[in-house]
Amino acid sequence: MSLQSVSKSQTSQPVSVRAIFLVALVVISLVAPFFVYPLFLTKMLCFILFASAVNIVLGYSGLLTLGHAAFFGGAAYIAAHAMKVWGTPFEVAILLAVAFSSALGLLFGFLAIRRQGIYFAMVTLALAQMIYFLAIQMPFTGGEDGITAVPRGMLFGVIDLHDTLTMYYVVLVLVAFGMLVIWRAINSPFGHVLAAIKENEARVTSLGIQPNRYKLIAFVLSAALSGLAGALKAIAFQVASLADVTWHMSGEVVLMTLLGGLSTLIGPGIGAAVVIALEHYLSTSGLPIMFMIGLIFMVCVMLFRRGIYGELREWYRRSRSARDHS
Amino acid sequence: MTEFFGVPVVVLLGQVLLGLINGSFYALLSLGLAIIFGMLNVINFSHGAFYMLGGFVTWIIFSHLGIGYWPGLLIAPIVVGLIGALSERLLLRHLYGVDPLYSLLFTFGAAMMLEGLFRYIFGSAGKPYPMPSALSGGYNLGFMFLPVYRVWVIAIALVVCFGTWFAIERTRLGAYLRAGTENPVLVQAFGINVPALLTLTYGFCVGLAGFAGALAAPIYQVGPSMGANLIIIVFAVVVIGGMGSIAGTIVTGLALGIVEGLTKVFFPTASAITVFIMMILVLMIRPNGLFGRER
């Protein structure tokens, strides 16, 4: 029981195309803040990392998680609290938040991987809702108001992050680091075992590998990076609120991943960018965002389950093979 | 005054009763969820949205058309059931062939869309619905005050749950349903229209959710987020009970309502997360749920 397998091999593309693409991506992300509002781009980056982190579990391990808002929003609260109340430096707050989300991921993962398929989704959803209720009740989260006016602080005590452009580049570096971790993990022996578990769990077990151990590591890695994304967003926007721990957030990030393309390295990033841009546009148009998100979700599941990047790649592959045959 | 662990028995009984009401809603919703899962192999996340829809139908026909509670209790499930049957026929049906996770995501999107739509039209605030006059007031039992509406909710929920159980376990149509769950191809070969049976099942179970929504209107306010908050708790209930048996699902729903009510007495702050804590405990001890079998 796993989500439809999309990727066959990522290395079949010619190296030059990938190199050009990578260089273009670096250049664009470096110059973009001079053309687009940097804080908007920062938000986009955080969600690109969040969706890519969810993809480790959803795409590469084939486990439908509906509870990742707990890691994203939970880490946001920890980072905001650390910066504002404890007055820790930026880097310490980030580390604390990631440590928290990893620990939470270990707990959730330990419980959730006892059940498979549909039950896994329900368990993650319920556990995340528990965090939501705790966030409402605990005094330090500020209830409905959240934690506001969070100071951004100084990076290593020298770089002032209150400049939005500086903040953008710091987030860019950390998100790039997160993406590198994901890329390394997926293309390592660990990543191949994950892929094998997704294809045929019984066979992997018969080879003497414990699938649950691998699933748990993947889940914790995913939770940690989701936490990094949440902490960065909280500090960049100087606020941690209930909105980040709701089930809507868990659903939205699954939508981003699905819309961009499951089990592809850059697909979830594309999906996140599209959804964030769309929300930005919708928020000024007066159309109900939640309604539109739900609608896109349904259309995406009905009509193109491969996602934007998945469909594009399929189209590219088909057109190339057609050319080879002619 | 008699006491139990330092708590007056009256308070305890009151909370048990309150818990039974929540439990009735858990039972009504998890029952529909379990039947849909059994027949269609779909986890219907939009079940909560249909519950909300039931509440809103009751409220809209009252505030705009002046149709009161009793007709509303009948109209809401029918309207919701028809909408559900239509959505199954037109959309959900096309997802039976693919991984069940996609149908979960589809209904998830549908729930978001419905909640977003109602929030856009009616705003986030809850709408009060007047208590029907025949059911207002209460009995004075000497040791506690028993509101009539609570007794009514628990009684009617039990009747509906039992009726559904009876229809599935003891009637011919129910036998077709159960047979269809086991082997749809074979049942189809016997000349039973399985696709129609699936539409009927979905429409009926979603109608049950709509009925629960109408039932909830006078005690909980009718609002866009009433469904999602409840359905996530019901998911935990379903994980605890397992979806193997219909009777088991009903019992789990009611029992968890009571446990939640009792928690309110002893640890008031933990009552919101009681069901989730129970879920964690069950996952550690009996991963397949109390009445469950691994599917």
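A crossing of two helices is called left-handed if the near helix is turned anticlockwise from the far one by less than a right angle. In the predicted model examined here, helix 2 of chain B passes helix 4 of chain B in such a left-handed crossing. The contact is formed by B:Ala49, B:Met52, B:Leu53, B:Phe56, B:Trp59 and B:Ile60 on the side of helix 2 of chain B, and by B:Ala111, B:Leu114, B:Glu115, B:Phe118 and B:Phe122 on the side of helix 4 of chain B. Helix 2 of chain B comprises residues 47-65 and helix 4 of chain B residues 100-122; the two pack at an angle of about 30°, and their axes lie 10 Å apart. Because of this angle, helix 2 of chain B is roughly parallel to helix 4 of chain B.

A second pair in chain B consists of helix 3 (residues 69-90) and helix 8 (residues 194-216), which pack at an angle of about 145° with axes 7 Å apart. The crossing of helix 3 and helix 8 of chain B is right-handed. Among the residues that meet here are B:Tyr69, B:Gly72, B:Leu73, B:Ala76 and B:Gly84 from helix 3 of chain B, and B:Leu198, B:Gly203, B:Gly207, B:Ala214 and B:Leu215 from helix 8 of chain B.

The largest nonpolar core contains 210 residues, of which A:Phe90 and B:Leu215 touch the most other members. When neighbours within four places in sequence are set aside, B:Leu215 is in contact with B:Phe25, B:Leu28, B:Tyr69, B:Leu73, B:Tyr149, B:Trp152, B:Val153 and B:Ile156.

Helix 6 of chain A (residues 164-186) has 23 residues, which should span 33 Å at 1.5 Å a residue; the end C-alpha atoms are 33 Å apart, so the two values agree. Buried residues of helix 6 of chain A include A:Met167, A:Tyr168, A:Val170, A:Val175, A:Gly178 and A:Ile186. Helix 9 of chain A (residues 211-237), with 27 residues, reaches 39 Å from its first C-alpha to its last, close to the 39 Å expected at 1.5 Å a residue. Helix 9 of chain A is mostly covered, with 21 of its 27 residues buried.

A:Tyr281, in helix 11 (residues 267-285) of chain A, counts as exposed because its relative accessibility is 55%, and exposure requires a value over 50%. Its C-alpha atom is 21 Å from that of A:Ser250, which is 31 residues away in sequence. A:Tyr316, in helix 13 (residues 307-325) of chain A, has a relative accessibility of 33% and so counts as partly exposed. A:Tyr316 and A:Thr246 are 70 residues apart along the chain, and their C-alpha atoms are separated by 38 Å.

Note on methods. Residues numbered from 1 in each chain as written. Chains lettered and ligands numbered in written order. Predicted model: local features only at pLDDT ≥ 70, side-chain atom pairs only at ≥ 80, totals over all residues. Heavy atoms only, no water. Core = buried A, V, L, I, M, F, W, Y, C linked by side-chain atoms within 4.5 Å. Buried < 20%, exposed > 50% of the residue type's maximum accessible area, 1.4 Å probe, protein only. Contact = heavy atoms within 4.5 Å. Helix = DSSP H or I, 4+ residues; strand = E, 2+ residues; numbered from the N terminus. Expected span 1.5 Å × (residues − 1). Axes fitted to C-alpha atoms, helices over the stretch in contact; angles between N-to-C directions. Parallel < 35°, antiparallel > 145°, perpendicular 65-115°, else oblique.
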